[in-house]
Amino acid sequence: MRVHLCAVGRLRAGPEQALIDDYLTRFDRTGRMLGLTSGGVTEVEDRKGGGMQAEAELLRRAVPRGTQLWVMDERGVQMTSPQFADHLAGLRDAGQGDLAICIGGADGLAPDFRAEAAMAISFGQMVWPHMLVRVMLAEQLYRAAAILSGAPYHRA
């Protein structure tokens, strides 16, 4: 199963981008034998100032057809890393070919786009900048692959 990260906003070269690249590379290496790979990161940007609705439309176009949609949202479900790993494995085992996890812009995700998602995930009640959410999500993907492979990375 390919896991695509789709995010509003552009990330410049720097430490956050380096961390994302590192964790997604680790995810690919560890996840490949498990049937999990990175579908890459797609960035969208509304240059016309259309707000959340315009961003939602750009995200819809960025998500490949037939892909299950998850969104990052402060109102979403909070789960442990092993639970996250189990959700990924469950989708993979059910034959899902692609999963897209979308991260909204400064104002979040449009309610109608959020409603289209099969799952909303939260990293807690605090609001995080999109660049840090990307890093944390990439790390959790690697951690999930490590958990599923039985690697010692996750020690909880």
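Which helix does Pro111 lie in? Pro111 belongs to helix H4, residues 111-116. The model is predicted: local features need pLDDT of at least 70, side-chain atom pairs count only at pLDDT 80 or more, and totals for chains, interfaces and linings use all residues. Residues are numbered from 1 along each chain as its sequence is written, and side-chain values use heavy atoms, without hydrogens and water.

**View A. Pro111 in helix H4.** Helices are DSSP runs (H or I, at least four residues), numbered from the N terminus. Pro111 is partly exposed at 48% relative accessibility, because buried means under 20% relative accessible area, exposed over 50%, and partly exposed in between (1.4 Å probe, protein chains only). Its C-alpha atom is separated by 8.8 Å from that of Met52, 59 residues apart along the chain.

**View B. Helices H3 and H5.** The axes (lines fitted to C-alpha atoms, for helices over the stretch in contact, with angles from 0 to 180 degrees between N-to-C directions) of H3, residues 81-93, and H5 come within 9 Å and cross at roughly 75 degrees. The two helices are therefore roughly perpendicular, a term for angles of 65 to 115 degrees. Contact (heavy atoms within 4.5 Å) involves residues including Phe84 and Leu88 of H3 and Leu141 and Ala144 of H5.

**View C. Arg134 in helix H5.** Arg134 is buried, with 3% relative accessibility. Leaving aside neighbours within four places in sequence, Arg134 contacts Ala7, Val8, Gly9, Arg10, Leu11, Ile20, Val41, Glu43 and Ile103.

**View D. Met131 in helix H5.** Helix H5 covers residues 130-149. Met131 is partly exposed, with a relative accessible area of 32%.

Notes
Angles under 35 degrees count as roughly parallel, over 145 as roughly antiparallel, 65 to 115 as roughly perpendicular and the rest as oblique.
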